[in-house]
Amino acid sequence: VFMLAGFLGFELVRRVSPLLHTPLMSLTNAISAISVVGAILIAGEKDASTLSRALGFIAVTTATINVVSGFLITDRMLKMFKRREPEKK
């Protein structure tokens with residue numbers, strides 16, 4: 001299932017037009033934010049084992065990096081579409 005999902009995801013992203021990449025990135029950021037909340041719940045559970053806490057911490061860290069970098073990329077892409085003011089002489 002993982003290999004099929006990876007192949008399908010690659011093909012879908014490859015065929016998306018450049019104008020749709022920004023909304024696609026925003027959707028990916030929303031999914032990653034849900035992952036952050038889930039990882040916080042797992043890592044902060046009262047009776048969680050050490051392994052669960054360690055994996056939860058890793059999940060929180062990596063998902064947060066993914067969200068922040070996704071927003072930075074989206075911001076950079078949106079700046080590309082802004083009109084530039086003509087240079088004043």
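Modeller: One term before we start: a polar contact here is a pair of N or O atoms within 3.5 Å, where, within protein, one must be able to donate a hydrogen and the other to accept it. Also keep in mind that this is a predicted model.

Colleague: Got it. So what does the side chain of Ser-32 make a polar contact with?
Modeller: With the side chain of Asn-66, at 2.8 Å.

Colleague: Where does Ser-32 lie?
Modeller: Ser-32 sits in helix α2, which runs over residues 21-43.

Colleague: And is Ser-32 buried or exposed?
Modeller: Buried: its relative accessible area is 7%, and the limit for that class is under 20%.

Colleague: Leaving aside neighbours within four places in sequence, what is Ser-32 in contact with?
Modeller: Ala-63, Asn-66 and Val-67.

Colleague: Let's zoom out. What does the secondary structure come to?
Modeller: Three helices and zero strands, so to speak an α-α-α pattern when you read along the sequence. Helix α1 covers residues 2-14, helix α2 residues 21-43 and helix α3 residues 50-81.

Colleague: How does the radius of gyration compare with that of a compact globule of 89 residues?
Modeller: The protein has 18 Å, whereas a compact globule with that number of residues would be near 12 Å. The C-alpha trace spans about 65 × 35 × 15 Å along its principal axes.

Colleague: What share of the residues count as buried?
Modeller: 17% of the 89 residues. Ser-32 is one that is buried.

Colleague: Which residues form a nonpolar patch on the surface?
Modeller: Leu-51, Leu-55, Phe-57 and Ile-58, with about 450 Å² of accessible area together. Phe-57 is found in helix α3.

Colleague: Why does Phe-57 count as exposed?
Modeller: Because its relative accessibility is 57%, and the exposed class begins over 50%.

Colleague: Switching to charges: how many salt bridges does the count come to?
Modeller: One. Asp-75 forms a salt bridge with Lys-79, and their closest N and O atoms are 3.5 Å apart. As background, side chains of opposite charge can pair when their charged atoms come close.

Colleague: Where do Asp-75 and Lys-79 lie?
Modeller: Both are in helix α3, four residues apart, which is about one turn of the helix. Asp-75 is partly exposed at 38% relative accessible area, and Lys-79 is exposed at 53%.

Colleague: Back to contacts. Of those with a separation of 6 or more, what percentage comes from residues 24 or more positions apart?
Modeller: That comes to 62%.

Colleague: Great, thanks for the tour!

Definitions and conventions: Residues are numbered from 1 along each chain as its sequence is written. This is a predicted model: local features need pLDDT of at least 70, side-chain atom pairs count only at pLDDT 80 or more; totals for chains, interfaces and linings use all residues. Side-chain values use heavy atoms; hydrogens and water are left out. Patches are made of residues with over 30% relative accessible area and no salt bridge: like charges are joined within 9 Å, nonpolar side chains (Val, Leu, Ile, Met, Phe, Trp, Tyr) within 5 Å. Accessible areas come from the Shrake-Rupley method with a 1.4 Å probe; for residues, only the protein chains shown count as cover. A salt bridge is a side-chain nitrogen of Lys or Arg within 4 Å of a carboxyl oxygen of Asp or Glu. Helices (H or I, at least four residues) and strands (E, at least two) are DSSP runs, numbered from the N terminus. Buried means under 20% relative accessible area, exposed over 50%, partly exposed in between (1.4 Å probe, protein chains only). The radius of gyration is taken over C-alpha atoms; the globule rule is 2.2 Å times the number of residues to the power 0.38. Contact means heavy atoms within 4.5 Å.
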